[in-house]
Amino acid sequence: MMDKSYTEGLFCWAELGSTNPEASGKFYSRLFPWTVQESVFGQNQTYTVFQYDNQDIAAMYGVGETAIPSFWGCYIAVNDIEASSRRAEQLGAEMLIAPKRVDDKGSMCAFRDPTGATVALWEPGEHLGAGLIHSPYSMDWHELNTTDLSAAADFYMGLLGWSKEEVPTPAGPYLQFRVGEQYAAGMNLISPEERGMGSNWSIYFKVPNCDDTVRKAQELGAEIIVPAYSVPGSGRFATVRDPQGAYFSVQSGF
């Protein structure tokens, strides 16, 4: 299988930590035309890779019985996990998982950024990341909802070398970031009414039709958090919470 290579600073992989992997696998393989490939690692732990068009899209693992609902975690590609993790800490991040090797697949670490959002870094080995992005049923965008837009922007620009552009919106400034000519992510300020949710990274999957996907998600037991909404001059998106509690968004027309 061909893997896509990623420039440092671009999101390259996503994992669903599920409280009920069997139920989550059924939900996503019915919502999207994903197939599942399972492997066993560690002490009989199952790691599931979601695939579409014979390409790795994302993965899933079980988190066991916990009060924390299921969640999507995102990985950003870096060239040197040790150097990047040190830089993250110097910039104010709290390291949650110290850099570690994942067999021959690569190396990872995870941290909480200075505004409280959790994200992971990935130095590739055999596994470069998702084999397909910006195509139907694959990762299409990542967005940080943050309590401190300025602090978050400074942190990620300092860590990853992102360049910033500001897009005015009726709700306030929306920040977009690039790595060279490639867009990396977006950021927006959490409204005062939503401050209780804390800063968080969200993942968007590209779909052919946002409204059709939302209807199907509801039929499969998901809760629609943000109904399908049109962005002036662009496409439509919606935010969903799956039956196990993981949030994600879908979009079309972008």
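Axes here are lines fitted to C-alpha atoms, for helices over the stretch in contact, and angles run from 0 to 180 degrees between N-to-C directions. The model is predicted.

Start with the helices. Two packed helices are described by the angle between their axes and the distance between the axes. Take helix H1, residues 21-31, and helix H4, residues 210-219. Their axes lie 10 Å apart, at an angle of about 150 degrees. Angles over 145 degrees count as roughly antiparallel. H1 is therefore roughly antiparallel to H4. The crossing of these two helices, H1 and H4, is right-handed.

Now turn to another helix pair. Helix H2 spans residues 81-90, and helix H3 spans residues 149-160. Their axes come within 9 Å and cross at roughly 150 degrees. That angle makes H2 roughly antiparallel to H3. The crossing of H2 and H3 is right-handed.

The contact can be read residue by residue. H2 supplies Ser84, Arg87 and Ala88. H3 supplies Phe155, Gly158 and Leu159. Sorted by class, the contact of H2 with H3 has 3 nonpolar, 2 polar and 1 charged residues.

Strand S9 (139-146) and strand S12 (182-189) are the elements that give two or more residues to the lining of the second largest pocket. S9 gives the most, with 4 residues. By class, the lining of the second largest pocket divides into 8 nonpolar, 3 polar and 2 charged residues.

Conventions:
Residues numbered from 1 in each chain as written. Predicted model: local features only at pLDDT ≥ 70, side-chain atom pairs only at ≥ 80, totals over all residues. Heavy atoms only, no water. Parallel < 35°, antiparallel > 145°, perpendicular 65-115°, else oblique. Left-handed = near helix turned anticlockwise from the far one by under 90°. Nonpolar A, V, L, I, M, F, W, Y, C, P; charged D, E, K, R; others polar. Contact = heavy atoms within 4.5 Å.
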